[in-house]
Amino acid sequence: MQKPQTSKPFLLSFGKKWMIFFYCSLAISITTIALTIYLFWGFSNIKHLKAQIIIDNLPPVAIIIAVRNEEEDLANALQSVCKLRYSNCRIIVVNDRSTDKTAEILQEFKIKYPQITVTTVMELPAGWLGKNNALYQGYLNSTEEWMLFTDADIEFQPDALAKAMSFAVENNLDHLSILPKVVSRSPVLNSVLATFTIMLMIHLRPWDARKPKSNAYVGIGAFNLVRRSAYEKAGTHLAIKLRPDDDLQLGFKIKRAGLRQDVLIGGSYITLEWYKNLRQFNNGLLKNSFSVANYNTVEAIANVLLILISIALPMPVMFIFGTTAIRLMAAAVLLTHILYMSVSPNKWWYAFVIPFAGFFMAYTTLRAMLVTLKQGGIYWRDSFYSLSMLKGEE
């Protein structure tokens, strides 16, 4: 007589799956908590702009601003630049084919502030992104020892440049970036930006940019202060003329050239409203999210999976499907996130938005790749750039 089959193999298999789930949860929890502690440590090693003492005899600076159809934010931002307490600076605004009231605003400022020089780009040269070419034209129209590349929507406190330059001179730097305070009228966008910042900082490790032997680097579009000789040694914008992430790439080129760079936390001294809502943020990242993967489909998909596995899925999966022990791990991770958000310039409840932000960033990365492939390139400021051009194949 045949013996009835036992369910023991099934139970063993089920038990193994739960053990795998347990150890994966444990690994993710330990890694997440360790990275959060690392972020605390990293940011504690970045000095603050407000703490810097202004020294005498600061070198001349050319403030170079690329503008294109910026009528909404330009006046406020440019007003703050003109009120900088820095006697030895010149403001070079490059108007890149604007079709709105930008030219009129610039003309009014030029009459009122003699330190402003306006250069107009009438036609985009072949093989250039518009902003990159405009910044390069600003360089060509300057002679100053230092150049500050900044954006048209940045607002400065009057002592911001003097404090930054004092730090650069005192530390014999070739390149200084400043982390701005990013604000938005949208609480949801602010919460997503908090997670985006965590992702970016872990990737860049800006606190290590000052170390000559580290491969970490930093470049911030809001504030890239560069010594002229360093900019030229790094290849100028000619070396990155087709990179949508020109600010990061400039920092990368400078670091790779063996030059000295560092970063400061700007706080309220340098602020901007990057995007006004989540939809603008998503559309804004269309132009450069795929470039982070060097327009490589496999690398972009790997980035999407990494975001899902490391940010979006862990806490929801652990809380919903986990045992008591696994849920306690998820609670420890959540508590760590709450502590981080509370101590950093964020709100504690942003910790609960991290999974959503992870899904959003994964979707944005995937969408950027698919849209770029479908279009065969990117649209940026009403201009189209083919994928073959962006890859340097034409």
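## Helix 13

The buried residues of helix 13 are Ile-326, Met-329, Ala-330, Val-333, Leu-334, Thr-336, His-337, Ile-338, Tyr-340 and Met-341. Buried means under 20% relative accessible area, exposed means over 50%, and partly exposed lies in between, with a 1.4 Å probe and protein chains only. Helix 13 covers residues 324-343, which is 20 residues. From first C-alpha to last it reaches 29 Å, close to the 28 Å expected at 1.5 Å a residue. That expected span is 1.5 Å times one less than the number of residues. An α-helix has 3.6 residues a turn, so residues three or four places apart point the same way.

## Model and overall build

This is a predicted model, in which local features need pLDDT of at least 70 and side-chain atom pairs count only at pLDDT 80 or more, while totals for chains, interfaces and linings use all residues. Residues are numbered from 1 along each chain as its sequence is written, and side-chain values use heavy atoms, with hydrogens and water left out.

The protein chain has 15 helices and ten strands. Both are DSSP runs numbered from the N terminus: helices are H or I with at least four residues, strands are E with at least two. The C-alpha atoms fill a box of roughly 105 × 45 × 40 Å along the principal axes. Of the 394 residues in the chain, 52% are buried.

## Aromatic pairs

The whole structure holds 23 aromatic pairs. Rings of Phe, Tyr and Trp (its six-membered ring) pair if their centres lie within 6.5 Å; planes under 30 degrees apart are stacked, over 60 edge-to-face, and the rest tilted. Phe-43 and Trp-207 make an edge-to-face pair, 5.7 Å centre to centre with 65 degrees between the planes. The two residues are 164 apart in the chain. Phe-43 sits in helix 1 (residues 8-44), and Trp-207 in the loop between helix 6 (187-204) and strand 7 (224-227). Trp-207 is buried, at 1% relative accessible area.

Tyr-139 and Tyr-231 have ring centres 4.9 Å apart and planes at 65 degrees, so this pair is edge-to-face. Tyr-139 belongs to helix 4 (residues 130-140) and Tyr-231 to helix 7 (residues 228-233), so the pair ties together parts 92 residues apart in sequence. Both tyrosines are buried. Elsewhere, one aromatic cluster is formed by Phe-196, Trp-274, Tyr-275, Phe-281, Phe-356 and Phe-360.

## Cavity

The search finds one cavity of 30 Å³ or more. A cavity is a set of points, on a 1 Å grid over the protein atoms alone, where a 1.4 Å probe fits but cannot get out; lining residues have an atom within 4 Å of a point. Grid points are joined across faces, edges and corners, and the volume is the space filled by probe spheres set on the points. The largest cavity has a volume of about 70 Å³.

Its lining consists of Lys-131, Leu-135, Phe-149, Thr-150, Asp-151, Gly-221, Asn-224, His-237, Asp-246, Asp-247 and Leu-250. Helix 8 gives the largest share, three residues. By class, the lining has three nonpolar, four polar and four charged residues. Here Ala, Val, Leu, Ile, Met, Phe, Trp, Tyr, Cys and Pro are nonpolar, Asp, Glu, Lys and Arg are charged, and the others, Gly among them, are polar.

## Cysteines

The structure holds zero disulfides. A disulfide is counted when a pair of cysteine sulfur atoms lies within 2.5 Å. The sulfur of Cys-82 is 8.8 Å from the closest cysteine sulfur, in Cys-89, too far for a bond. Cys-82 is buried at 10% relative accessibility. Cys-24 is partly exposed, at 40% relative accessible area.

## Single residues

Asn-172 is not a glycine, yet has a positive phi of about 50 degrees. Asn-172 lies in the loop between helix 5 and strand 6 (175-182), and is partly exposed at 49%. Asn-294 also has a positive phi, near 55 degrees. Asn-294 lies in the loop between helix 10 (289-292) and helix 11 (297-312), and is partly exposed at 47%. Most residues other than glycine have a negative phi.

Gln-157 lies in the loop between strand 5 (154-156) and helix 5 (160-170). Its C-alpha is 6.9 Å from that of Ser-80, 77 residues away along the chain. Ile-270, in strand 8 (residues 261-272), is buried at 0% relative accessibility.

Methods:
1 Å grid on protein atoms, 1.4 Å probe; cavity = no way out; pocket = protein on both sides within 12 Å on 5 of 7 lines; lining within 4 Å.
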